[in-house]
Amino acid sequence: MSTEGRGLYRRRRIGIELRRIREERELTQESAARLLGRSQASLSEYENGRRAIRPRDLAQILDGYGITDDRLRAQLLDLADKGRRDGWWRGFEERLDPNAVDYASLEGDASRISAFEPQLVHGLLQEEEYARTIIKCYVERLSPSLDCELEVDFRMRRQRVLRRARPPHLAVVLGEGALHLEVGGPVVMRAQLDRLLGAAAAPNIDLRVLPFKAGMHPGTNGAFSILDVGVGRNELQVVTVHSLTMSQYIDDAENIGHYRSAFDSLRELALPQADSVALIERIASSYA
């Protein structure tokens, strides 16, 4: 796949900002193209996220619009640069859903990942056979054209982000149901629970369990993740909500605030990490 096919979210985010900037200046695409010395067709492709933009071309457009906000410029230029960068995921671009690869690239650039998973162990903490059982079920029952082993390999490679020299901070709230749903049988479940216990001991991982007795909570609509991508003035926040057939990105400040508040509430309702570990140990002992 060419670089034109990479960084789907980043391209869309840049496009939304370019359209907002143009419309704030009360310019049509035609008049903006004349101002910038570019074709209307290319400007339209940038704004609609259909075409990757080189950082130098983006800088020229921002100059033409008179954008002097250093933080905004830095964020957009960083998006353009990283959207064209190669990563381990490049080898999967021709073989997997582009949106899954796009998410992995964002996850790989994240400095912090906050996730709520009510029914399953989070993908970054899944033991291989546990992941294989989940993926095989999906492939066999819903999408037989997918390559199960390729999907498993991709998920396992995503987990390398936690083992790099400067890993992201991962905060996960698991619903207690995720510990009781028997995926793959007793042997697989024991291995998965042991994996969680090992993860909880890592300094960059905050793992908590939301017990059944917590009652109603702000995560009843399902799983979500919050990615803090980049650092300093280049940082952006994006919420991802994964459904059966697609992933939705939410990046407006108001909605991000709602999800951040929901996650903070879930974390407060969850057991402290020491008590969470004790609960996982008790459940794991039942598989001995």
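## Ground rules

Helices (H or I, at least four residues) and strands (E, at least two) are DSSP runs here, numbered from the N terminus. By that scheme, Thr 220 falls in the loop between E3 and E4.

This is a predicted model, where local features need pLDDT of at least 70 and side-chain atom pairs count only at pLDDT 80 or more, while totals for chains, interfaces and linings use all residues. Residues are numbered from 1 along each chain as its sequence is written, and side-chain values use heavy atoms, with hydrogens and water left out.

## The sheet

Let's start with the strands. Two of them count as paired if DSSP finds at least two bridges between them.

At the E3 end, strand E2 (residues 169-175) runs parallel to E3, and 6 bridges join the two. Val 172 is opposite Leu 207 of E3 in this pairing. Further along the order, strand E4 (residues 224-229) and strand E5 (residues 236-242) are antiparallel, with 5 bridges, and Ser 225 faces Thr 240 in E5. E5 also pairs with E6, again antiparallel, over 4 bridges. Val 239 has Ile 250 in E6 as its bridge partner, and E5 and E6 make a hairpin with 4 residues between them.

## Two residues around E4

Ile 226 is found in strand E4, and with a relative accessible area of 0% it is buried (buried means under 20% relative accessible area, exposed over 50% and partly exposed in between, using a 1.4 Å probe and protein chains only).

Thr 220, back in the loop between E3 and E4, counts as partly exposed at 47% relative accessibility. Its C-alpha is separated by 8.3 Å from that of Pro 118, which is 102 residues away along the chain.

## The largest pocket

Rolling a probe the size of a water molecule over the atoms shows where empty space is left. The search uses a 1 Å grid over the protein atoms alone: a cavity is a set of points where a 1.4 Å probe fits but cannot get out, a pocket is an open set with protein on both sides within 12 Å along at least five of seven lines, and lining residues have an atom within 4 Å of a point. Grid points are joined across faces, edges and corners, and a volume is the space filled by probe spheres set on the points.

The largest pocket holds about 1200 Å³ of space. It has 29 lining residues, with Arg 155, His 242, Ser 243, Leu 244 and Ser 247 lying nearest its centre. Helix H6 (98-108), helix H7 (128-141) and helix H8 (148-158) are the elements that give two or more residues to this lining. Sorted by class, the lining has 14 nonpolar, 10 polar and 5 charged residues (Ala, Val, Leu, Ile, Met, Phe, Trp, Tyr, Cys and Pro count as nonpolar, Asp, Glu, Lys and Arg as charged, and the others, Gly among them, as polar).

## Salt bridges

Side chains of opposite charge can pair when their charged atoms come close. The structure holds 22 salt bridges, each one a side-chain nitrogen of Lys or Arg within 4 Å of a carboxyl oxygen of Asp or Glu. One of them joins Arg 10 and Asp 109 at 2.6 Å, N to O. This pair links distant parts of the chain, 99 residues apart: Arg 10 is in helix H1 (residues 8-24), and Asp 109 is in the loop between H6 and strand E1 (110-117). Arg 10 is buried at 3% relative accessibility, and Asp 109 is buried too, at 14%.

Arg 267 and Asp 206 also meet at 2.6 Å, N to O. Here the partners are 61 residues apart, with Arg 267 in helix H11 (residues 253-269) and Asp 206 in strand E3. Arg 267 counts as partly exposed at 30%, whereas Asp 206 is buried at 10%. Elsewhere, salt bridges that share partners join Glu 17, Arg 20, Glu 24 and Arg 25 into one network. Within it, the side chains of Arg 25 and Glu 24 meet at 4.0 Å, N to O; Arg 25 is partly exposed at 31%, while Glu 24 is exposed at 52%.
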